[in-house]
Amino acid sequence: MSASVPRLVIAAPSSGSGKTTVATGLMAAFAARGLAVSPHKVGPDYIDPGYHALATGRAGRNLDAYLCGPELVGPLFLHGAQGCDIAVVEGVMGLYDGAAGEGELASTAHVAKLLRAPVVLVVDASSQSRSVAALVHGFASWDPEVRVGGVILNKVASDRHEELLREALEQAVVPVLGVLRRVAQVSTPSRHLGLVPVAERQGAAVEAVAAMAAQVADGCDLGALEALARTAGAVPGGSAPWTPASPTHHPTRSDEQRPPVVAVAGGPAFTFSYAEHTELLTAAGAEVVVFDPLRDEELPEGTAGLVIGGGFPEVYVSELSANEPLRKAVAALAESGAPVAAECAGLLYLCRELDGLPMCGVLEARARMTERLTLGYRDAVAVGDSVLAAAGTRMRGHEFHRTAVEPGSGAEPAWGVRSPRPRVEGFVQRGVHASYLHTHWASEPGVARRFVERCRTS
């Protein structure tokens with residue numbers, strides 16, 4: 001494929017400026033024009049990509065220079081953008097905000113430079129007029145390698161307010177590519193970890209995305225935005241997309257005839273997953289089957305391994321607890337020694353209880369909601385051998401939760417974490433690997449291959 005797919009990065013001076021509204025609305029508006037749109041999100045966010053998928057009909061994909069390394073950002077982007085006419089990348093936090101203490105690493109600006117993509121700055125103009133010019137000028141000139149190609153003014157109060165803003169921005173030499181007024185129906189509900197995922201509000205989410213598309217189509221110059229996207233040159237570092245296919249795994253005849261079934265938890269309670277994980281499992285020879293722990297009372301037929309990612313089990317704790325047949329099936333699978341990989345929400349589900357209600361009881365640990373937000377990137381090393389990694393394997397992860405598990409690690413911990421303070425965390429027992437850390441398997445494809453191989457042999 002061409003490495004010069006047209007692309008835009010939607011950024012902002014800070015969180016809460018309207019990036020998600022603009023990026024999602026722009027994706028949907030381009031799609032309504034008949035363009036095949038590739039949706040992307042900077043950073044480890046799992047929720048926004050769900051809205052992106054609704055807007056485009058394609059899997060929302062993350063570009064995280066911390067979790068995957070800067071060298072994989074371009075190939076992962078090209079993998080997601082294959083067959084597309086244009087790509088829209090939603091940024092994270094403020095344009096220049098990266099991993100704590102790591103300079104520009106994993107910031108929106110860093111990813112924009114890695115992709116050599118023009119940036120559109122979304123500015124919350126609700127409490128300013130002439131000052132907007134100084135703000136935009138500062139962001140556009142801070143790093144000469146970041147090309148701010150236009151600005152979209154959000155939350156503009158009136159025609160007079162718009163006139164004052166446009167007049168001021170004439171001095172900033174950055175074109176205004178859109179003006180959006182305050183529209184209540186575009187807002188999406190939030191709770192303790194951000195927006196409510198699409199899977200929990202399908203009908204309302206469809207309506208919200210349609211409202212975003214209408215607002216962006218009415219308030220933005222789609223032709224100018226598409227033209228700006230087409231100024232992006234080739235993605236630096238070559239034109240080869242990332243591929244989930246393993247260069248070392250060659251399926252045998254028995255692999256082809258009898259692929260191991262890997263059950264992946266889905267549904268409203270377990271919505272956090274990277275698209276590449278399923279692709280890696282499939283490429284390693286597994287048959288991936290998604291099930292819903294809120295509704296399904298049995299694991300998929302022939303389950304040889306189980307993956308339980310992140311999500312909001314604390315919101316659905318009563319329903320999860322009430323599904324006793326499935327809890328017992330998960331416990332029996334774990335007891336058999338079959339591979340089980342659990343991250344964050346999956347860790348809570350495997351505990352003895354969550355907020356006092358019975359969970360699967362695989363781990364001798366109890367989980368509860370707290371007032372404290374745990375958030376940040378982590379450098380980790382596998383303490384011992386597990387179904388996911390050999391001892392000494394280094395990976396980067398991300399923590400994002402308001403829960404606590406007691407004890408925080410088992411007799412055999414999953415990871416030794418070096419930041420922000422040295423500690424061990426998680427549980428490895430028999431075939432179970434359970435941890436708070438969200439990891440991106442594309443950074444270490446051997447994780448998926450190892451897991452599927454254990455499914456074949458366990």
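Modeller: Start with the word domain: domain bounds come from an automatic or database domain assignment. Here the assignment gives domain 1 (7-231) and domain 2 (261-456). Their C-alpha centres lie 31 Å apart. This is a predicted model: local features need pLDDT of at least 70, side-chain atom pairs count only at pLDDT 80 or more, and totals for chains, interfaces and linings use all residues. Residues are numbered from 1 along each chain as its sequence is written, and side-chain values use heavy atoms, with hydrogens and water left out.

Colleague: What makes up the contact between the two domains?

Modeller: Contact means heavy atoms within 4.5 Å. Domain 1 gives 23 residues and domain 2 gives 29 residues.

Colleague: How much area do domain 1 and domain 2 bury between them?

Modeller: Buried area is the accessible area (1.4 Å probe) that two parts lose on being put together, summed over both. For domain 1 and domain 2 that is about 2,400 Å², with 64% of it on carbon and sulfur atoms.

Colleague: Why is the pair of glutamate 279 and arginine 61 called a salt bridge?

Modeller: The rule asks for a side-chain nitrogen of Lys or Arg within 4 Å of a carboxyl oxygen of Asp or Glu. The closest N and O atoms of glutamate 279 and arginine 61 are 2.6 Å apart, so the pair qualifies as a salt bridge. Between domain 1 and domain 2 the count is two salt bridges.

Colleague: Which elements give two or more residues to the side of domain 1 that touches domain 2?

Modeller: Strand 3 (61-63) and helix 3 (70-81) do. Helix 3 has the largest share, three residues. Helices (H or I, at least four residues) and strands (E, at least two) are DSSP runs, numbered from the N terminus.

Colleague: How do you know that strand 20 and strand 21 pair?

Modeller: Two strands pair if DSSP finds at least two bridges between them. Strand 20 and strand 21 (residues 432-435) have three bridges, so they pair, in the antiparallel sense. Glutamine 429 stands opposite valine 432 in strand 21.

Colleague: What is the order of strands in the open sheet?

Modeller: The six strands run 11-10-12-13-21-20, with mixed pairing. Strand 11 (287-291) and strand 20 (427-429) each have a single partner strand, so they stand at the edges, and one side of each is left without a neighbour in the sheet.
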